[in-house]
Amino acid sequence: MGSCVKMVTCMVVLLFAPVAFAGHDYAKALTKSILFFEAQRSGYLPENQRITWRANSGLQDGKANGIDLVGGYYDAGDNVKFGLPMAFTVTMMAWSIIEYGKQMASSGELGHAMDAVKWGTDYFIKSHPEPYVLYGEVGDGNTDHLCWQRPEDMTTSRQAYRIDTTHPGSELAAETAAAMASASIVFRQSNPSYSNELLEHAKQLFDFADKYRGKYDSSIAVVQKYYMSISGYDDELLWAAAWLYQATNDRYYLNYLANNGDAFGGTSWSVAEFGWDVKYAGAQVLAAKFLLQGNAGEHVAVLEKYQQMAESFMCACIGKSRQSVQRTPGGLLYRQSWNNLQFVTSSSFLLTVYADYLASVGKAAQCDSGPAQPTELFNFAKSQVDYILGDNPRATSYMVGYGNTYPQQVHHRGSSIVSIKVDPSFVSCSGGYSTWFGRNSGDPNLLDGAIVGGPGAYDDFADHRDNYEQTEPTTYNNAPLLGVLARLNAGSSGLSQLLPALVPAPTTPIRKENPAATPKPSSSPVNRAPSLINISQNATTSWNYRGKTYYRYSVIVANNSPKIVKNLHIGISKLYGPLWGLTKYRYGYVFPAWIQSLPGGKSLEFVYIHAASPADIWVSGYKLV
């Protein structure tokens, strides 16, 4: 966070047209964007620390409160650990890995990205010592902003602030639940015990957020000048429920998402903003994903409303809505003067993943001015990333260390003061301001990969350390960009965004998949065990789309007994597309909402679509009455 003292800066509007730019090195940008998180680390730094000008810091955090709170991330250019933006940062890093982990692995960055997530979740585990207790801040922004010190020297308050049953904070608890639930998916394959631990914390935190509702900035009042929750906590509750459904497949969380959609605004709030405060668009995109996967169960109608709101967000971003987002003359999405790029990176991520979701099922977004194809969404997201990397009227990269021209005077205490490893002399609170803050020269330490606040409404930018609105970086500027950069670097081959997320272990080489052979439709029964319930399936039609052959399979479930079948449970594996006619329930499927039983001699039909051979389908349980 920057200083709260306002300043007037003389801006120059650039009137010349953008020049032609060469293609970008997205692999290098991805490497740097992850590297930035190592500069933001608090606590004991590991042996493999790559930002070598940093050293250990915040080693007494939590001690005054009788708890170990060493670790975590500083949010921006200061030395405070703010829980809400930190949790959002981790959620977005985890989502990036869930969607594009294979692409990160192909460029050798998956391990670094997972390390970045774990640095945050290790801290969250410490911060959650009891089911209904969560520490949400270490340090005080008011006193911190009076000083300009390296984190290794800081003498400001390290008071820790928490929420509990008498001082609730639903935004904080729910966002931390989302972070730990999403991270549990990231570590499910490579570290299952850690994944289970994260999931247990996530469940407890969601229960805490929902059962003891209240605004977190009322309980942690010192955060109000820096990260006040304007949107309230309804959006975080929906967002966390969506992540817990994705992580557990437990219908409790899907029901929560659906049953509270209207009351909490998920199905009615069309908000063209997504970030650490406002989570509606993220929850709406996840709900749309469940719908497109065929995992909506009996809540199809509700999730379709979520999808409409998700597409309203997309259309507003690309300029095909009656309420489109403002753009700068150079084409950058623009919402506010202070740290505008946070909204650009988060919007670019949502545009990218939603484009890939739509492409997986051959659909387009429905906008006020007509359909928007997935390529249109993705290309616009790419244009925003390219702008950040230098394709803009100033020909300036807003990622530090990338390109030939990038910010030199970053509003960041650690990078602007000589490294303690170079000069261990103590830098005092006021001494940092007098000696280092006001220096009219570049930073002594390269804050590699940091995305700063960015240009103003007319593509203007003043590279001055005291221009905190434009030159201060934040972790939540970078986090959404990890996935977009991985996607841009790897291209569109091998994408399967509606399949279950399987993040590979970072040390395991990613095998290149062989070209898919043409599936051979089969009409043979696929029962795995003798049963009075018979299942058969046939490919009823097929079509080609973008080089793939898609098949529509009809599945008949027949009750060959004279009795009535109830509580039918069907297991399905190797399903790579949407399914209609059954309801998803935990780890399998049950009767749809309009069928309660299957009489003797009767049958039911369900269908699914995917570009593969028939799925494996079997009866896992039933009751005869």
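# Exercises on rings, helices and loops

Being 4 residues apart in helix H17 (residues 429-437), tyrosine 433 and phenylalanine 437 are separated by about one helical turn. Keep that pair in mind as you work through this predicted model.

**Exercise 1. Work out which kind of aromatic pair tyrosine 433 and phenylalanine 437 form.**

Step 1: Look at the distance. The two ring centres are 5.1 Å apart, and rings count as a pair if their centres lie within 6.5 Å.

Step 2: Check the surroundings. Tyrosine 433 is partly exposed, at a relative accessible area of 25%.

**Exercise 2. Find out which parts of the chain are tied together by the pair of phenylalanine 206 and tyrosine 256.**

Step 1: Start with the total. The count of aromatic pairs comes to 33.

Step 2: Pick out this pair. Phenylalanine 206 and tyrosine 256 are edge-to-face, with 5.0 Å from centre to centre and 75° between the planes.

Step 3: Phenylalanine 206 belongs to helix H6 (residues 192-211) and tyrosine 256 to helix H10 (residues 251-259), so the pair ties together parts that lie 50 residues apart in sequence.

Step 4: Ask how covered the two residues are. Phenylalanine 206 has a relative accessible area of 2% and is buried; tyrosine 256, at 7%, is buried too.

**Exercise 3. Check the length of helix H9 against the expected span, and decide how covered the helix is.**

Step 1: Note the size. Helix H9 (residues 234-248) has 15 residues.

Step 2: Compare the spans. From its first C-alpha to its last, H9 reaches 21 Å, close to the 21 Å expected at 1.5 Å a residue.

Step 3: Look at the cover. H9 is mostly covered, as 14 of its 15 residues are buried.

Step 4: Look past the end. Just after H9, asparagine 249 takes a positive phi of about 65°.

**Exercise 4. Decide whether alanine 395 and aspartate 459 are buried or partly exposed.**

Step 1: Locate alanine 395. It sits in the loop between helix H15 (374-389) and helix H16 (413-416), and has a positive phi of about 55° although it is not a glycine.

Step 2: Judge its cover. At 36% relative accessibility, alanine 395 counts as partly exposed.

Step 3: Locate aspartate 459. This residue lies in the loop between H17 and helix H18 (468-471), and its phi is positive, at about 65°, although it is not a glycine.

Step 4: Judge its cover. Aspartate 459 has 2% relative accessibility, and buried means under 20%, so aspartate 459 counts as buried.

**Exercise 5. Describe the nonpolar patch that includes tyrosine 622.**

Step 1: Name the members. Leu532, Tyr622 and Leu624 form this surface patch, with about 230 Å² of accessible area together.

Step 2: Zoom in. Tyrosine 622 is found in strand E13 (residues 616-624) and is partly exposed, with a relative accessible area of 32%.

Conventions
Residues are numbered from 1 along each chain as its sequence is written. This is a predicted model: local features need pLDDT of at least 70, side-chain atom pairs count only at pLDDT 80 or more; totals for chains, interfaces and linings use all residues. Side-chain values use heavy atoms; hydrogens and water are left out. Rings of Phe, Tyr and Trp (its six-membered ring) pair if their centres lie within 6.5 Å; planes under 30 degrees apart count as stacked, over 60 as edge-to-face and the rest as tilted. Helices (H or I, at least four residues) and strands (E, at least two) are DSSP runs, numbered from the N terminus. Buried means under 20% relative accessible area, exposed over 50%, partly exposed in between (1.4 Å probe, protein chains only). Patches are made of residues with over 30% relative accessible area and no salt bridge: like charges are joined within 9 Å, nonpolar side chains (Val, Leu, Ile, Met, Phe, Trp, Tyr) within 5 Å. Accessible areas come from the Shrake-Rupley method with a 1.4 Å probe; for residues, only the protein chains shown count as cover. A salt bridge is a side-chain nitrogen of Lys or Arg within 4 Å of a carboxyl oxygen of Asp or Glu. The expected span of a helix is 1.5 Å times one less than its number of residues.
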